[in-house]
Each structure stands twice: as structure tokens, then as C-alpha cells.
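Dear colleague,

Please find the structure below, handed over for your work. I would be grateful if you would read the notes that follow with the model open beside them.

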Amino acid sequence: MQVQIKKKALGAAAAGMVFIGLFVTVIGPWPVYNQYDIHDSEHYRVTVDRLHSAGSEIAASGTPGTLYAGWSVRDMTPQPGTPMAGYSGRRDGKRSEGVRDPLKARAVAVSDGGNTVVILGTDMLFIPPGIAEKTIKAVYRKTRLSANDIFFTATHTHCGPGGFMRGLAARITGGPYDPEIPE
């Protein structure tokens with residue numbers, strides 16, 4: 001009996017060592033130990049260049065004019081049975097069962113009469129590129145605001161709609177694509 005317990009303990013210890021070795025191999029090398037300067041990264045340089053470029057398009061004035069602001073809220077709650085974003089492990093197929101709280105899209109627009117900026121927040125897991133592009137095109141047709149004038153953000157709710165993108169990763173995390181959902 002003691003021999004079996006020793007064998008099991010030895011087997012568990014060996015399995016633990018293999019797990020730790022794989023963990024260190026897959027996760028490491030540990031990036032937190034490396035010296036890293038964000039200023040040296042390509043992403044940082046590109047972002048700063050884009051900010052400078054966008055800033056050069058803004059007409060600054062020493063005498064500011066009237067500040068205009070507007071806002072809107074729209075219900076975007078999908079029907080029960082819609083796939084939910086971020087629930088890849090649900091047994092029920094990642095579909096909503098009802099509505100406890102409505103999902104909203106909220107927009108705030110601010111303008112000085114010359115420049116306008118819109119902040120659009122949605123109750124979604126994230127803003128998929130396809131939805132952002134469709135939104136930018138629709139807003140541009142009505143207002144001539146471009147992608148530089150619209151800031152997208154999401155509440156990162158896992159109770160928001162899924163099924164809004166094509167592809168394997170999107171299907172795993174948000175359910176099968178449904179062309180009605182992005183609309």
C-alpha cells in the first residue's frame with residue numbers, strides 16, 4: 001500500500017515538474033524582467049506621427065468661439081437567442097436567454113463651429129473593425145466627419161451581442177456570424 005502511495009506521489013511530482021517546465025517554456029522568457037522603452041517601438045513612433053498629422057489639420061484660434069455639444073442614446077439590445085460575445089465555453093451555444101438591462105449605444109459630439117469630435121460608446125465586448133468602418137461611412141455620408149473625428153469605445157460587456165464577425169476565432173468567442181447583428 002505504501003509503495004502505491006509513493007508511486008502516485010512520485011508520479012504527481014513528475015507531472016508537476018513537467019507542467020512547470022512547459023509553463024516556463026511557453027510563457028517565458030519573462031518580459032517583465034527585460035528593459036523596454038516604449039519610445040523605441042514602431043507602434044509608438046507611428047502613433048506619434050499620426051497624432052502630429054491629425055493635429056496639423058486642426059485650426060487653432062487664440063479667441064475660441066462658442067462650444068457646441070450634442071448627445072444621443074440608442075437602444076441596441078438584440079433579440080433573445082442572439083449569440084453573446086465572449087462566452088466560448090457556454091453549454092447553451094452562447095445565446096442570450098432574455099433581457100435584464102437594455103444595451104445602449106451612446107454618442108457625444110463636441111464642436112467649436114469648425115472642428116467636431118464624436119465619442120461613441122457601445123455596450124459591446126469590443127468594437128469590431130467592420131462595424132467601425134460601416135459606422136464611419138454612414139456618419140461621413142451625413143456629416144462629412146471622417147475616421148479622425150470619431151473615437152470608438154466599448155464597455156467590454158460579455159452580455160453584449162456576438163455573431164458580428166466572420167472567422168474561426170470570432171465564431172469560437174462570439175458565436176456564428178449573423179449579418180443582421182452588425183446592422
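This is a predicted model: local features need pLDDT of at least 70, side-chain atom pairs count only at pLDDT 80 or more; totals for chains, interfaces and linings use all residues.

Residues are numbered from 1 along each chain as its sequence is written, and side-chain values use heavy atoms, with hydrogens and water left out.

Salt bridges

The count comes to three salt bridges, a salt bridge being a side-chain nitrogen of Lys or Arg within 4 Å of a carboxyl oxygen of Asp or Glu. Side chains of opposite charge can pair when their charged atoms come close.

One of them joins Arg 106 and Asp 123, at 3.5 Å from N to O. Arg 106 belongs to strand β2 and Asp 123 to the loop between β3 (116-122) and α3, so the pair ties together parts that are 17 residues apart in sequence. Helices (H or I, at least four residues) and strands (E, at least two) are DSSP runs, numbered from the N terminus. Asp 123 is buried at 10% relative accessibility, whereas Arg 106 is partly exposed at 40%; buried means under 20% relative accessible area, exposed over 50%, and partly exposed in between (1.4 Å probe, protein chains only).

Glu 42 pairs with Arg 45, their closest N and O atoms being 3.0 Å apart. Both residues lie in helix α2 (residues 42-56), three residues apart, about one turn of the helix. Glu 42 is exposed at 51%, and Arg 45 is partly exposed at 38%.

In the remaining pair, Arg 100 and Asp 101 have their closest N and O atoms 3.1 Å apart. Arg 100 is exposed at 76%, and Asp 101 is partly exposed at 46%.

Thr 82

Thr 82 sits in the loop between β1 (68-75) and β2 (104-111), and is buried, with a relative accessible area of 11%. Its side chain reaches the backbone oxygen of Gln 79 at 2.6 Å. Beyond neighbours within four places in sequence, Thr 82 is in contact (heavy atoms within 4.5 Å) with residues including Lys 94, Pro 161 and Ile 181.

Positive phi angles

Arg 144, which is not a glycine, has a positive phi of about 70 degrees. Arg 144 is in the loop between α3 (129-143) and β4 (150-154) and is exposed at 56%. His 156 also has a positive phi, near 60 degrees; the loop between β4 and α4 (168-174) holds His 156, which is partly exposed at 46%.

Yours sincerely

Methods: A polar contact is a pair of N or O atoms within 3.5 Å; within protein, one must be able to donate a hydrogen and the other to accept it, and residues adjacent in sequence count only if both atoms are side-chain atoms.
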